[in-house]
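Here is a short tour of one protein model, written for someone meeting helices and loops in detail. Have the picture open as you read.

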Amino acid sequence: MGASVPDHFEHMWRTIQPLGRSDRSGGYFRQPFASAERELDAWFVEQASARGLRMEPDAFGNRIAWWDAGSGPGLVTGSHLDSVLDGGAYDGPLGVVSALAAVDVLRERGVRPSRPIGVSVFVEEEGSRFGLACLGSRLATGAVAWEMARGLRDRDGVRLDEALAELGLAAGDPHPWLGSQHIGCFIELHVEQGRDLVDRGAAIGVASRIWPHGRYRFEISGSPNHAGTTRMEDRHDPMLTYAMTALSASKQARVTGQRATFGRVETQPNSTNSVPSAVTAWMDARGETDEALADLVATITRQAQERAGRDGTKLTVTAESVSGAVDFAPGLAHRIAADHESAAWPIVPTQAGHDAGILSAQGIPSAMLFVRNPTGVSHSPAEHAETADCLAGVHALAETLERLAS
Ligand SMILES: [Zn+2]
């Protein structure tokens, strides 16, 4: 590879940019195990092979491309290539492209790592197809059992085991694959999904912790009826229960300094001139501590039940997934943040879930590097990072790997 590292980075970035991009919104639709994401997977395999890395795939679609240097448990860095529906370009792919570019930096510098270095891609990080975020890393570490996960269905009713079988994966009963004897340390570089680094005037940051978060399904049933002839006082309208719940959730989250979002809603029969029979809505909630999250969800649920009582509707709330708080190994975060060439990188918390959080919770020492996002906007076509900051990220990652592998 003759070109310079910035050229490599930009070439890789330009190559993947059109994959899964919507002409209409400019956002990305990279659903796990579907065409655009599979093209990215093939691109990753090609990049790894061009660098002479040894590919280690698993039965769930995850991959680690190994630079077989030194000995002992590997030092792994990477992220994900899937996106939320109509997501941004940087969330996930920035960490994968930066990991490959960081390997290039180390080789250009003639670094001889004392331990193997792996570049990883975990599938279905966003949970946008099968509803469970970080599904690939949960399966790989055994945080979720295959027996439970195989029956998960996407919106078209396709089961996870069917989607994997179509790719020739997960035949039989695959076993969790990753542990601390395999991965000694995991570093995930990610675009920041907030404005902490902008406020601090820093291009690079290190994660301290991940807020606990969960997804909750609100199923509300009422009485279907005619939109014209039914008097307002005679209705049992689940849409009203939902609407008031969304408002009270937002208010409750604001006054307590937490987060609550209804981003997905389905209504039956979805007819303009009918009072709906049922509304199903999904709430994403995040709290500073496990207790704060539990309190927030309990309060929102209680207020929703009270409203359902007034509307004459029936409500059930189901927690689809809840992830506890993750505190990254403080020694590792401080070492990464302080012990390097440029000024200290700030250590900041995040409200977003990541594969690094799953690996950390499963006993694999993990850390995250964030690259400044000028607007903080993420999970949106407007998500952005300046090229200079992305390149600073590549060098920060290379420096971190060099130190941890020497
Ligand atoms: Zn991400």
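To talk about how two helices cross, we first need axes: these are lines fitted to C-alpha atoms, for helices over the stretch in contact, and angles run from 0 to 180 degrees between N-to-C directions. Helices (H or I, at least four residues) and strands (E, at least two) are DSSP runs, numbered from the N terminus. What you're looking at is a predicted model, where local features need pLDDT of at least 70, side-chain atom pairs count only at pLDDT 80 or more, and totals for chains, interfaces and linings use all residues. Residues are numbered from 1 along each chain as its sequence is written, and side-chain values use heavy atoms, with hydrogens and water left out.

**Helix α3 and its neighbours**

Let's start with α3, which runs over residues 93–108. Its 16 residues reach 22 Å from the first C-alpha to the last, close to the 22 Å expected at 1.5 Å a residue. Buried means under 20% relative accessible area, exposed means over 50%, and partly exposed is in between (1.4 Å probe, protein chains only). Just after α3 comes G110, with a positive phi of about 75 degrees.

| Helix paired with α3 | Axes come within | Crossing angle, roughly |
|---|---|---|
| α1 (residues 5–16) | 10 Å | 155 degrees |
| α2 (residues 35–50) | 11 Å | 10 degrees |
| α12 (residues 387–404) | 8 Å | 60 degrees |

To put words to those angles, under 35 degrees counts as roughly parallel, over 145 as roughly antiparallel, 65 to 115 as roughly perpendicular and the rest as oblique. So α1 and α3 are roughly antiparallel to each other, α2 and α3 are roughly parallel, and α3 is oblique to α12.

Which residues do the touching? Contact means heavy atoms within 4.5 Å. Between α1 and α3, the α1 side includes F9, M12 and W13, and the α3 side includes L94, V97 and A101. Where α2 comes alongside, W43, F44 and Q47 meet V96, V97 and L100 of α3. Against α12, the residues of α3 include L94, S98 and V105, while those of α12 include C390, V394 and L401. C390 is buried as well, at 3% relative accessibility.

**Helix α9**

Next up is α9, covering residues 290–311. Its 22 residues reach 31 Å from the first C-alpha to the last, close to the 32 Å expected at 1.5 Å a residue. Among its buried residues are L293, V297, I300 and A304. What covers the buried residues of α9? The cover includes the helix α8 (238–256) and the strands β7 (213–221), β9 (259–268), β11 (278–286) and β12 (314–323). Just after α9, G312 takes a positive phi of about 70 degrees.

Most residues other than glycine have a negative phi, and most peptide bonds are trans. With that in mind, have a look at the loop between β9 and β10 (274–275), where P269 lies. The peptide bond from Q268 to P269 is cis, with omega near -5 degrees. N270 sits in that loop between β9 and β10, and its phi is near 65 degrees, a positive value in a residue other than glycine. N270 is exposed, with a relative accessible area of 59%.

C134 is another non-glycine residue with a positive phi, near 60 degrees. You'll find C134 in the loop between β4 (117–121) and α4 (135–141), and C134 is buried, at 4% relative accessible area. How many disulfides does a search of the whole structure find? The search finds 0, a disulfide being a pair of cysteine sulfur atoms within 2.5 Å. For C134, the closest cysteine sulfur is in C185, 18 Å away, too far for a bond.

Finally, there's A382, in the loop between β15 (366–371) and α12. A382 is partly exposed, with a relative accessible area of 47%. A382 and G27 are 355 residues apart in sequence, yet 7.8 Å apart in space, C-alpha to C-alpha. Not counting residues up to four places away in sequence, A382 touches T375 and V377.

Notes:
Expected span 1.5 Å × (residues − 1).
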